[in-house]
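Look at the sequence and the structure below. The questions that follow go through them one part at a time.

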Amino acid sequence: MATRDLQRLGPVRSKDRLDAALRELQAHHHVRLRTEGKRKLVEINPALREETAP
């Protein structure tokens, strides 16, 4: 998900606060930040996702 979308749709709208939260999550290996061109993307650690298998 793009950081722009997180800022627009999430509870943390301030860029500084969002960046600080993402750094904290990255430090604990919950997310990975990467760039595609000019876009900054956030990837959730797959080990933390809940799988709902039937």
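Q: In which sense do strand β1 and strand β2 pair?
A: This is a predicted model, in which local features need pLDDT of at least 70, side-chain atom pairs count only at pLDDT 80 or more, and totals for chains, interfaces and linings use all residues. Residues are numbered from 1 along each chain as its sequence is written, and side-chain values use heavy atoms, with hydrogens and water left out. Strands are DSSP runs of E of at least two residues, helices are runs of H or I of at least four, and both are numbered from the N terminus; two strands pair if DSSP finds at least two bridges between them. Residues 31–36 form β1 and residues 39–44 form β2, and over 6 bridges their pairing is antiparallel.

Q: Which residue in β2 is the bridge partner of Glu36?
A: Val31 has its bridge partner in β2, namely Ile44. For Glu36, the partner in β2 is Arg39.

Q: Which residue in the hairpin of β1 and β2 takes a positive phi near 65 degrees?
A: The hairpin has 2 residues between its strands. The residue with this positive phi is Gly37.

Q: In what order do the elements of the protein run from the N terminus on?
A: The protein has 2 helices and 2 strands. Read from the N terminus, their order is α-α-β-β.

Q: How far does helix α2 reach from its first C-alpha to its last?
A: Helix α2 covers residues 15–27, which is 13 residues. The expected span of a helix is 1.5 Å times one less than its number of residues. For α2 that expectation is 18 Å, and the helix comes close to it, reaching 18 Å.

Q: Is His29 buried or exposed?
A: His29 sits in the loop between α2 and β1. Its phi is near 60 degrees, a positive value in a residue other than glycine. Buried means under 20% relative accessible area, exposed over 50%, and partly exposed in between, with a 1.4 Å probe and protein chains only. Because its relative accessible area is 60%, His29 is exposed.

Q: Why does Thr3 count as buried?
A: Thr3 lies in helix α1, residues 3–9. Leaving out residues up to four places away in sequence, Thr3 touches Leu18, Leu22, Lys40 and Val42, where contact means heavy atoms within 4.5 Å. Thr3 counts as buried because its relative accessibility is 15%.

Q: How far apart in space are Thr3 and Asp19, C-alpha to C-alpha?
A: In sequence, Thr3 and Asp19 are 16 residues apart. In space, their C-alpha atoms are separated by 8.9 Å.

Q: What percentage of the residues in the protein is buried?
A: The protein has 54 residues, and its C-alpha trace spans about 40 × 25 × 20 Å along its principal axes. Of these residues, the buried ones make up 17%.
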